[in-house]
Amino acid sequence: VHRSERDVDHFYVQAIPQDNYLFVNWTSSEVQVSSNQRYDLEDGQSYNLVANFVPINVMVHFNSQGGSNVPDLTVPYNTKITAPPAPTRSGYAFGGWYREAACTHAWNFATDKVTSDITLYAKWNATRQITVQTNSTSYGAVTGGGSYANGAQATVTAVPKSGYCFTKWVEGSTTVSTNAV
């Protein structure tokens, strides 16, 4: 509490932030009473004031949960961030960044703002590799192979050359279909 230099019966409090912090406001019983760093006090009154500060910069940590490394970010307080390049992980497709390791609440890069140090967690969806091949390119061509999320539908197509007909799809030694698509 400081005494005013102009009026000895007038007192005030002054909020002075530490390094790397900004003053936000004064509150009393969690209600904002002023956004000025200096708050004038009336003589004879009791006060229960809280000076609120926020860090100037905050850290965003990216936990790739087994994927490739994603560098941390230092960003200004209360700002939106741009999504970093997606990490990679063998056998998995990247499913976005989440607020918790269980990947329940997605981080929305278009609207969410960073207001404190935070760790974002990578979500991974297991993929299945489908390899399609013909027993000879002399007989025709096949398409549709690649990596697919587990449970996703994949369409593979066999196109026989003129004079040949498609007979079957096999997995190992088991016939799985006799349709070309």
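This is a predicted model: local features need pLDDT of at least 70, side-chain atom pairs count only at pLDDT 80 or more; totals for chains, interfaces and linings use all residues.
**Overall form**

The protein has 15 strands and zero helices. Its C-alpha atoms fill a box of roughly 105 × 25 × 25 Å when taken along the principal axes, and its radius of gyration is 31 Å, whereas a compact globule of 181 residues would have one near 16 Å. Of the 181 residues in the protein, 22% are buried. The accessible surface comes to about 12,300 Å², and carbon and sulfur atoms account for 46% of that area. When contacts between residues at least 6 apart in sequence are considered, 44% of them join residues at least 24 apart.

In soluble globular proteins, nonpolar side chains tend to be buried together. The largest nonpolar core in this model has 14 residues, and the members that touch the most other members are Val60, Phe62, Ile81, Trp97, Trp107, Val114 and Leu120. Strand E7 and strand E10 (118–130) each supply at least two residues of this core, and E10 provides the largest share of it, four residues. Another core, of six residues, lies apart from this one, and among its members are Val13, Ala15, Tyr39 and Leu41.

Phe62 lies in strand E7, which spans residues 57–63, and it touches Val70, Pro71, Asp72, Leu73, Ile81, Pro84, Trp97 and Leu120. Val114, for its part, touches Val58, Val60, Val75, Pro76, Tyr77, Asn78, Thr79, Ile81 and Trp107. As a reference to the extent of the chain, the C-alpha atoms of Phe62 and Gly172, which are 110 residues apart along the chain, are separated by 41 Å.

Ser64 is found in the loop between E7 and strand E8, the latter covering residues 73–76, and, with residues up to four places away in sequence not counted, Ser64 touches Pro87, Trp97, Ala122 and Trp124. Gln65 lies in the loop between E7 and E8 as well, and its phi is near 50 degrees, a positive value in a residue other than glycine. A positive phi in a residue other than glycine also occurs at Cys103, where the angle is near 60 degrees; Cys103 sits in the loop between strand E9 (92–98) and E10.

| Residue | Relative accessibility | Class |
|---|---|---|
| Phe62 | 7% | buried |
| Ser64 | 10% | buried |
| Gln65 | 27% | partly exposed |
| Cys103 | 14% | buried |

By the limit of 20%, Phe62 at 7% is buried, and so is Cys103 at 14%.

Notes:
Residues are numbered from 1 along each chain as its sequence is written. Side-chain values use heavy atoms; hydrogens and water are left out. Buried means under 20% relative accessible area, exposed over 50%, partly exposed in between (1.4 Å probe, protein chains only). Contact means heavy atoms within 4.5 Å. A nonpolar core is a set of buried Ala, Val, Leu, Ile, Met, Phe, Trp, Tyr and Cys residues joined through side-chain atoms within 4.5 Å. The radius of gyration is taken over C-alpha atoms; the globule rule is 2.2 Å times the number of residues to the power 0.38. Accessible areas come from the Shrake-Rupley method with a 1.4 Å probe; for residues, only the protein chains shown count as cover.
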